[in-house]
Amino acid sequence: MENKERIAIYPGSFDPLTNGHVDIIERGLKIFDKVIIAVLYNPAKTALFSVDERLDMIRKSFSSHSNQSSIIIDSFGGLLVDYARQKNAVAIIRGMRAISDFESEFQMALMNRRLSRDVQTIFLMTGLRWIFISSSIIKEVARFGGDISGMAPHPVKCKMKEKFPLLNEK
Ligand code: COA
């Protein structure tokens, strides 16, 4: 029987999840029946949080979401297009913050298309208020005790406090 659900994958490092990511997920949920938030397991990249910690923060951040049944939280390794095929996804969602994102995103989308014709890359514009946010910038602010409220979900802020003691003074 044909799978009628429109499943999209939102892949990334999510080290950690930011409100910019949440904004893209919310937009994706308006278009697709299910959105899989897929944390890339990438041993080649040094991360602050383990994949399990990242998954846990994402789960907690969406634990009381009104559309919870449409959100799947998972991790993957290897090629994204293989994972997409395995999950019967019709689309890969990517967030576009500024022109600077375009070049690498364009390259990635074209490579993914070359690798698989079964999945389309969909670019969603991040809300203007999140355009300057990235996981790295939030980590840098937190490392030196800067307040990250309003830039990342509360469970992320709590977990950051474990890593960066200076944040506890806020
Ligand atoms: N709001 C806030 N920040 C955002 C954002 C948004 N809407 N969209 C992206 N970002 C930030 C991320 O926080 C991250 O910040 P950082 O560099 O400070 O950590 C940065 O932009 C990169 O985003 P991310 O989505 O995490 O990219 P990535 O390069 O880590 O992962 C994958 C991209 C997972 C899609 C890609 O590496 C992949 O598919 N890998 C699997 C292997 C594969 O198939 N390769 C071939 C594909 S060409």
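This is a predicted model: local features need pLDDT of at least 70, side-chain atom pairs count only at pLDDT 80 or more; totals for chains, interfaces and linings use all residues.

Visitor: Got it. So which residues around the ligand come nearest?
Guide: Ser13, Leu80, Arg97, Ser135 and Ser136 come nearest, out of 23 residues around the ligand.

Visitor: And how do those shell residues divide into nonpolar, polar and charged?
Guide: The shell around the ligand has nine nonpolar residues, eleven polar ones and three charged ones.

Visitor: Which side chains have an N or O atom 3.2 Å or 3.3 Å from a ligand oxygen?
Guide: For Lys45, a side-chain N or O atom is 3.2 Å from an oxygen atom of the ligand. For His21 the corresponding distance to a ligand oxygen is 3.3 Å. Ser134 also has a side-chain N or O atom at 3.5 Å from an oxygen of the ligand.

Visitor: How much of the ligand does the protein bury?
Guide: The protein buries 79% of the 950 Å² that the ligand exposes when taken alone.

Visitor: Nice. Where does the ligand sit?
Guide: In the largest pocket. The elements giving two or more residues to the shell around the ligand are β1 (7-12), α1 (19-31), α4 (99-115) and α5 (135-143).

Visitor: Tell me about that pocket, then. What is its volume?
Guide: The largest pocket has about 880 Å³. It is lined by 36 residues, and those closest to its centre are Pro11, Gly12, Ser13, Lys45 and Arg94. Two or more lining residues come from each of β1, α1, α3 (80-86), β4, α4 and α5.

Visitor: Which element gives the largest share of the lining?
Guide: That's α4, with six residues in the lining of the largest pocket. Overall, this pocket's lining divides into 13 nonpolar, 15 polar and eight charged residues.

Visitor: Switching topic: how many cavities of 30 Å³ or more turn up in the whole structure?
Guide: The search finds one. This largest cavity holds about 30 Å³ of space.

Visitor: What lines the largest cavity?
Guide: Its lining is made of Ile92, Arg94, Glu105, Met108, Ala109, Asn112 and Thr121. Both β4 (91-96) and α4 supply at least two of the lining residues, and α4 gives the most, with four.

Note on methods: Residues are numbered from 1 along each chain as its sequence is written. Side-chain values use heavy atoms; hydrogens and water are left out. A residue is near a molecule or strand if one of its heavy atoms lies within 4 Å of it. A polar contact is a pair of N or O atoms within 3.5 Å; within protein, one must be able to donate a hydrogen and the other to accept it, and residues adjacent in sequence count only if both atoms are side-chain atoms. Accessible areas come from the Shrake-Rupley method with a 1.4 Å probe; for residues, only the protein chains shown count as cover. On a 1 Å grid over the protein atoms alone, a cavity is a set of points where a 1.4 Å probe fits but cannot get out, and a pocket is an open set with protein on both sides within 12 Å along at least five of seven lines; lining residues have an atom within 4 Å of a point. A molecule sits in a cavity or pocket if more than half of its atoms lie within 2 Å of its grid points. Ala, Val, Leu, Ile, Met, Phe, Trp, Tyr, Cys and Pro count as nonpolar, Asp, Glu, Lys and Arg as charged, and the others, Gly among them, as polar. Grid points are joined across faces, edges and corners, and a volume is the space filled by probe spheres set on the points.
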